[in-house]
Each structure stands twice: as structure tokens, then as C-alpha cells.
Amino acid sequence: MIASSNRETLVPLVEAEFRTRTTAEWLKRLRSESVPAAPIQSVDRVLEDLQVRQRGMVVDMDHPVHGRLPTLGTPVKVDGAMGLTVSPPPALGQHTDEVLAGLLEYPAARIAELRSAGIVR
């Protein structure tokens, strides 16, 4: 293990050296020496990565306001199936009646009171 003081000296040197070549050049050089290596991806590059797309880790969903948008798929795959339907998040108040009436068993009159008082939408 490298002592803390040595690490503070070595890290800037290694960082400076890595800036002298492109990612592709470093990957080629490291792999030619059998050093396992992979690039650190930025978010935009990950979203467009072929393997990420083919595994369904990023999928497109239809949003009612914003159109087709990329979103995260599920990391859990069963026999290659994604296992869930990707849908946009609910709009503010979209499920209010369903939750208050169905889950909490509020009568319609009480829900109307809450809505007119501005407590719920």
C-alpha cells in the first residue's frame, strides 16, 4: 500500500501523464500490456453507449408533455426481459382521488372540501 504522503505526490504525476494521450490511446496501450482498463464515462456518453442500450439499461419513454425521452431501465433482467413497463412520472394531482378515495376511503364530499381549500389538487 502506498503511504499517504507518497500518494499525494504520485497522483498529480499520474494525472499529468494521463493527460498526454487520448482515452483511446491509453486504452490501446494498457490493453496491449494486459492491464484491465475501461474509460470513465460521462453521463451523456453512458446514455448513448451501445452495450447500455442493448441491455435495456437506458430505454426511451413517451412523455405526454416532453415527447420521447431517455430514462433508466431496470438493472434486474429475467431471461433477458426488462420486467417492467416504463412510464412517465404522474402529473401533480394525477392520483389524488385514487389515493384519497381508494386507499384512505375518503368520501367524495371530503375530497371536494380538501380540493376547494387548496389542500390537494
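Keep in mind that the model is predicted.

**Stop 1: the partner of Arg115.** Asp97 and Arg115 form a salt bridge, and their closest N and O atoms are 2.8 Å apart. Asp97 sits in helix H5 and Arg115 in helix H6, so the pair ties together parts that are 18 residues apart in sequence. Asp97 is partly exposed too, at 38% relative accessibility. Side chains of opposite charge can pair when their charged atoms come close.

**Stop 2: along helix H6.** Select Arg110 and Glu113. Both lie in helix H6, three residues apart, which is about one turn of the helix. Arg110 has a relative accessible area of 37% and is partly exposed. Glu113 counts as partly exposed at 45%.

**Stop 3: a network.** Move to Glu48, Arg53 and Asp60. Salt bridges that share partners join these three into one network. Zoom in on Arg53 and Asp60: their side chains meet at 3.4 Å, N to O. Arg53 counts as partly exposed at 26% relative accessibility. Asp60 is also partly exposed, at 38%. How many salt bridges does a search of the whole structure find? The count is five.

**Stop 4: His63.** Select strand E1, residues 58–63, and look at His63 in it. Is His63 buried or exposed? His63 is buried, because its relative accessible area is 18% and the cut-off for buried is under 20%. Show what surrounds this residue. Setting aside residues up to four places away in sequence, His63 touches Leu69, Pro88 and Pro89. Then select His66. Its backbone nitrogen lies 3.1 Å from a polar atom of the His63 side chain.

**Stop 5: two loop residues.** Jump to Glu105, in the loop between helix H5 (96–103) and helix H6 (108–116). Its phi is near 60 degrees, a positive value in a residue other than glycine. Most residues other than glycine have a negative phi. Glu105 counts as exposed, at 66% relative accessibility. Next, pick Ser34. This residue is in the loop between helix H2 (23–32) and helix H3 (43–48). Phi of Ser34 is positive as well, near 60 degrees. Ser34 is exposed, with a relative accessible area of 66%.

Stop 6: Leu10 belongs to helix H1, residues 4–18. Its relative accessible area is 39%, so Leu10 is partly exposed.

**Last stop: the whole chain.** Zoom out and color by secondary structure. The chain has six helices and two strands. From the N terminus on, they run α-α-α-α-β-β-α-α. Turn the model around: the C-alpha trace spans about 70 × 40 × 30 Å along its principal axes. The radius of gyration is 25 Å, whereas a compact globule of 121 residues would have one near 14 Å. Buried residues make up 12% of the 121 residues. Among contacts with a separation of 6 or more, 18% join residues 24 or more positions apart. The chain exposes about 9900 Å², with 58% of it supplied by carbon and sulfur atoms.

Conventions:
Residues numbered from 1 in each chain as written. Predicted model: local features only at pLDDT ≥ 70, side-chain atom pairs only at ≥ 80, totals over all residues. Heavy atoms only, no water. Helix = DSSP H or I, 4+ residues; strand = E, 2+ residues; numbered from the N terminus. Buried < 20%, exposed > 50% of the residue type's maximum accessible area, 1.4 Å probe, protein only. Rg over C-alpha atoms; globule rule 2.2 N^0.38 Å. Contact = heavy atoms within 4.5 Å. Areas by Shrake-Rupley, 256 points an atom, 1.4 Å probe, with all protein chains shown as cover. Polar contact = N/O pair within 3.5 Å; in protein donor to acceptor, adjacent residues only side chain to side chain. Salt bridge = Lys/Arg side-chain N within 4 Å of Asp/Glu carboxyl O.
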